[in-house]
Amino acid sequence: MPLMIRPILIHPDPRLKKPCEPVSALTPEIEALGRDMLETMYDAPGIGLAAPQVGVMKRVIVMDCIKDGPPEPMVLINPSVTWSSEDQNTYEEGCLSIPEQYADVKRPAAVKVTWLGLDGEIHDRDFAGLWATCVQHEIDHLDGKLFIDYLGPLKRQMITRKMEKLKRERARGI
Ligand code: NI
């Protein structure tokens, strides 16, 4: 199947608020989804993307947090956090579904994650720094959670209103 850049849903959208279903088998469709999601993420550009952001309600995320140096594309199927550090880290987060909005979010500084790879193997790995923030942000998407859900209600409403305006403008072709 040829690679395809898929349209990214913009918040607010009910599909971004719903929990996703686990992937039960590695099929050609799941492989194509993973590859398309990487292509879509690099094109955006971004460092992470979750399947519901392209309207597919399956537990699949992609990431590459390398800024300088050779790319490290990762496709994580059914990822789950099996350990979180007590230490926390604050990063200014953004999201491809909430363009040009950024806010500080505090999360565990390091996590251990297990997942199924496109190679059919179970992987597990410790993530720290930006990778740890990114993998937690993307797994949150699979549970219908956005980074703005960590903010106070006023800030969240302000961002949501900006996104509603952006969507209206895009719909009118401005
Ligand atoms: Ni996001």
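In E3, which residue is the bridge partner of Ile 61?

Modeller: The bridge partner of Ile 61 is Leu 76 in E3. A word on the basis comes before the rest. This is a predicted model, in which local features need pLDDT of at least 70 and side-chain atom pairs count only at pLDDT 80 or more, while totals for chains, interfaces and linings use all residues. Residues are numbered from 1 along each chain as its sequence is written, and side-chain values use heavy atoms, leaving out hydrogens and water.

Now to the strands around that pair. Strand E2 (residues 60-63) and strand E3 (residues 74-84) run antiparallel, joined by four bridges; two strands pair if DSSP finds at least two bridges between them. E3 also runs antiparallel to strand E6 (residues 110-116), with five bridges joining them. There, Ile 77 stands opposite Leu 116 in E6. In a regular strand, side chains alternate between the two faces of the sheet.

Stepping back, the chain has three helices and seven strands, where helices (H or I, at least four residues) and strands (E, at least two) are DSSP runs numbered from the N terminus. Their order along the sequence is α-β-β-β-β-β-β-β-α-α. Of the 174 residues, 43% are buried, meaning under 20% relative accessible area with a 1.4 Å probe, protein chains only. Among contacts (heavy atoms within 4.5 Å) between residues at least 6 apart in sequence, 65% join residues at least 24 apart. Along its principal axes, the C-alpha trace spans about 45 × 45 × 35 Å.

Key:
Buried means under 20% relative accessible area, exposed over 50%, partly exposed in between (1.4 Å probe, protein chains only).
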